[in-house]
Amino acid sequence: MNKTVKNAKEAINGISDNMTVMFGGFGLCGIPENTILELSKTKIKGLICISNNCGVDNFGLGLMLNNHQIKKMVSSYVGENAEFERQMLSGELEVELLPQGTLAERVRAGGAGIPAFYVPAGYGTEVGIGKESREFNGKMHLLEHALTADFAFVKAWKGDTAGNLIYKYTANNFNNMMAMAGKITIAEVEELVPEGELDPNFIHTPGIFVQRIFQGVDYIKKIEQLTLSK
Amino acid sequence: MALDKNQIAMRIARELHNGDYVNLGIGIPTLVANFIPEGIYVTLQSENGMLGMGPFPTMETVDADLINAGKQTITYLPGASFFDSATSFAMIRGGHVDITILGAFEVSEKGDIASWKVPGKLIKGMGGAMDLVASAKNIIVAMQHTNKEGQSKLLKECTLPLTGVNCVKRIVSDLAVLDVTDKGFKLLERAPGVSIEQIQKATEGTLIVEGEIPEIKF
């Protein structure tokens, strides 16, 4: 089954206003740059975006934020850009903050068909307000619900035409679970090869989770905190 | 003399055991990696998806795909592994990470911690801190004993939004090493030249002083 599409423009076919969408990446590491850039050129708006972070000024999801395409962010850590802060404080942008591991597991559960589960993170804090709680083994836990999306956008290092994906170093992060949790998952890769060329022993995301794949171009891979040994 | 940031990190490094898997937070906790005692081998976990974190890279070895949870460029050591965020937090939630070291704005005598949000100021989010404090087997907090106005940050009750409840086990501040017990903060060691009275004055929560309290030696 060849899932290849030509480019980001062809890949985002079918995405419309007010959809729930997921973006892989941690900070700017492993974000689907091509897809974000292409979405930022469209008039699509009102999106509920599930992503650990929201890019920086003029890069990553910051591009879509500048265009007011995002209605709500579901994240664990935000505010690396001034426009985000302005929109949040003015009420233009709705923000739901979640513990990072809870966010990761809610996405994983969504892809794995588990509707809800209990975790200790956030119990006794404002994250727990309005959530069911229950004691297990003498410790309090919160009931957390699965997250899924109309579209999930992920970025991998290598991929094949069957949709199998391999990530590089810490660029895996949220990509693997989000690929599972999208009704339609679009993967962009730095190197697209014919099926059969990737060693099946080293696949991170099996192709079953990916509906469309394309060869990405012109990766910038911006670094947020360049830190060197002295 | 109160401890400086490096001395706090140096003291905390003595809490590490050979073979520990360790998660270090941003700020003073990151400095702990510089002071790991000779003969002690630990593996650093970074919650964005790696075990076996190494030092910062050189300009020649920088890779945008290799960062830590503070989004800083880093390297990896032999034996390292990379994985997705759900697996990373399974390690944390499942109790496989032995020790978590993080900073705090406030800690209460019951072991509650506030470290992520100051209402009225920019709210950036909790990141992985809530998951870490809710599940780590051992949590050590690195912090200043008082704020810039001299007010205590070791309190009866936290005043800021909480990161977690009843979870902090030990605190290493610029003035002292303390354990959180059922009865309050138990003073274990004091910074060189810092008196028990000074520590008492800087601690709003219940302070338990039993027997001789030794000075921290470097």
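Reader: Which residues of α5(A) and α3(B) meet?

Author: This is a predicted model. In it, A:Q100, A:G101, A:T102, A:A104, A:E105 and A:R108 of α5(A) meet B:S85, B:A86, B:F89 and B:R93 of α3(B). Sorted by class, this contact has 3 nonpolar, 4 polar and 3 charged residues.

Reader: At what angle do the axes of α5(A) and α3(B) cross?

Author: Two packed helices are described by the angle between their axes and the distance between those axes. Here, helix α5 (residues 100–112) of chain A and helix α3 (residues 85–93) of chain B have axes that come within 9 Å and cross at roughly 125°. That angle makes α5(A) oblique to α3(B). The crossing of α5(A) past α3(B) is left-handed.

Reader: Which strands does α3(B) lie across?

Author: α3(B) lies across β1 (21–24), β2 (43–46) and β3 (50–53) of chain B, and runs at about 125° to β2(B).

Reader: What is the strand order in the open sheet of chain B?

Author: Strands of a sheet pair through backbone hydrogen bonds, either parallel or antiparallel. The chain B sheet has 10 strands in the order β4-β3-β2-β1-β5-β8-β10-β11-β12-β13, with mixed pairing. Its edge strands, β4 (76–82) and β13 (207–208), each pair on one side only. β13(B) runs parallel to strand β12 (residues 184–190) of chain B, joined by 2 bridges. B:K186 has B:I208 as its bridge partner in β13(B).

Reader: In what sense do β5(A) and β7(A) pair?

Author: β5(A) pairs with strand β7 (residues 139–145) of chain A in the antiparallel sense, over 4 bridges. A:Y118 stands opposite A:L143 of β7(A).

Reader: Which residues of β5(A) are on the covered face?

Author: A:F117 and A:V119 form the covered face of strand β5 (residues 116–119), while A:A116 and A:Y118 form the uncovered one.

Key. Residues are numbered from 1 along each chain as its sequence is written. Chains are lettered from A and ligands numbered from 1 in the order in which they are written. This is a predicted model: local features need pLDDT of at least 70, side-chain atom pairs count only at pLDDT 80 or more; totals for chains, interfaces and linings use all residues. Side-chain values use heavy atoms; hydrogens and water are left out. Axes are lines fitted to C-alpha atoms, for helices over the stretch in contact, and angles run from 0 to 180 degrees between N-to-C directions. Angles under 35 degrees count as roughly parallel, over 145 as roughly antiparallel, 65 to 115 as roughly perpendicular and the rest as oblique. A crossing is left-handed if the near helix is turned anticlockwise from the far one by less than a right angle, and right-handed if clockwise. Contact means heavy atoms within 4.5 Å. Ala, Val, Leu, Ile, Met, Phe, Trp, Tyr, Cys and Pro count as nonpolar, Asp, Glu, Lys and Arg as charged, and the others, Gly among them, as polar. Buried means under 20% relative accessible area, exposed over 50%, partly exposed in between (1.4 Å probe, protein chains only). Two strands pair if DSSP finds at least two bridges between them.
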